[in-house]
Amino acid sequence: MNYQMLKSILDTLIMNFRCPVCEAAVAENNLEIIGAAGATLNLDITCPSCAKHTFVKAEISHLNIPNISALDAEGLKDLRNKLKETIQGQIREKQEFQISEKEITDLRKVLKRQHLNVEDLLN
Ligand SMILES: [Zn+2]
């Protein structure tokens with residue numbers, strides 16, 4: 001995944017994401033990339049208003065995107081629309097992605113103890 005693609009995903013997410021609990025909008029500094037492998041990007045979004053964590057997994061491979069550097073303006077617009085649908089679909093379907101802050105803290109402790117990183121876990 002190159003920088004341009006990553007930026008596209010993050011921009012789209014910031015524009016479209018609303019906290020499932022309080023519907024607050026998020027900014028770039030509320031996103032934490034917890035894994036980026038191949039065509040998959042895993043994000044931990046912390047709501048700036050209620051501190052709820054939401055996990056979003058953006059799978060670019062499902063979007064059939066050609067090399068992004070070869071995209072023209074129309075292609076880029078199409079990409080953004082597809083990303084928007086994917087992200088909104090995930091947020092609608094994946095309420096179980098929400099876990100508590102304590103669970104995240106616990107998970108991080110376990111990962112640290114076992115010398116694993118989050119990416120290992122997700123792959
Ligand atoms: Zn919230």
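Because the model is predicted, local features are given only where pLDDT is at least 70 and side-chain atom pairs only at pLDDT 80 or more, whereas totals for chains, interfaces and linings use all residues. Residues are numbered from 1 along each chain as its sequence is written, and side-chain values use heavy atoms, with hydrogens and water left out.

**The whole chain**

Begin with the chain in cartoon view, where four helices and three strands can be picked out, helices being DSSP runs of H or I with at least four residues and strands runs of E with at least two, both numbered from the N terminus. Read along the sequence, these elements follow the pattern α-β-β-β-α-α-α. If you colour by accessibility, buried residues make up 33% of the 123 residues; here buried means under 20% relative accessible area, exposed means over 50%, and partly exposed lies in between, with a 1.4 Å probe and protein chains only. The chain exposes about 7,500 Å², of which carbon and sulfur atoms supply 50%, the areas coming from the Shrake-Rupley method with a 1.4 Å probe and, for residues, with only the protein chains shown counting as cover. Among contacts (heavy atoms within 4.5 Å) between residues at least 6 apart in sequence, 52% join residues at least 24 apart.

**The zinc site**

Next select the zinc ion together with Cys 19, Cys 22, Cys 47 and Cys 50, whose SG atoms are its protein donors at 2.2 to 2.4 Å. A donor is an N, O or S atom within 2.8 Å of the metal (3.2 Å for Na, K and Ca), and since water is not among the atoms, sites may look incomplete. The angles among the four donor atoms run from 103 to 117°, and the site is tetrahedral, a label that four donors receive if all angles lie between 85 and 135 degrees. For comparison, the ideal angle for four tetrahedral donors is 109.5 degrees.

Along the chain, the donors follow the spacing C-x2-C-x24-C-x2-C. Cys 22 lies in the loop between helix 1 (3-16) and strand 1 (31-37), and Cys 50 in the loop between strand 2 (40-46) and strand 3 (53-59), so this pair ties together parts that are 28 residues apart in sequence. Cys 22 is partly exposed at 33% relative accessible area, and Cys 50 is likewise partly exposed at 34%. The structure holds zero disulfides, a disulfide being a pair of cysteine sulfur atoms within 2.5 Å.

**Two backbone angles in the loops**

Now step to Glu 23, in the loop between helix 1 and strand 1, where phi is positive at about 65° although the residue is not a glycine. Glu 23 counts as exposed at 63% relative accessibility. Then select Ala 51, in the loop between strand 2 and strand 3, which also has a positive phi, of about 70°, without being a glycine; Ala 51 is partly exposed at 35%. Most residues other than glycine have a negative phi.

**The strands**

Finally, display strand 1 and strand 2, which run antiparallel and are joined by six bridges, where pairing requires that DSSP finds at least two bridges between the strands. Ile 33 stands opposite Leu 43 in strand 2, and strand 2 is mostly covered, with six of its seven residues buried. In strand 3, select Phe 55, which is buried at 17% relative accessible area. A distance drawn from its C-alpha atom to that of Glu 32, 23 residues apart along the chain, reads 9.7 Å.

Technical notes:
Tetrahedral: all angles 85-135°; square planar, octahedral: opposite > 155°, others 65-115°.
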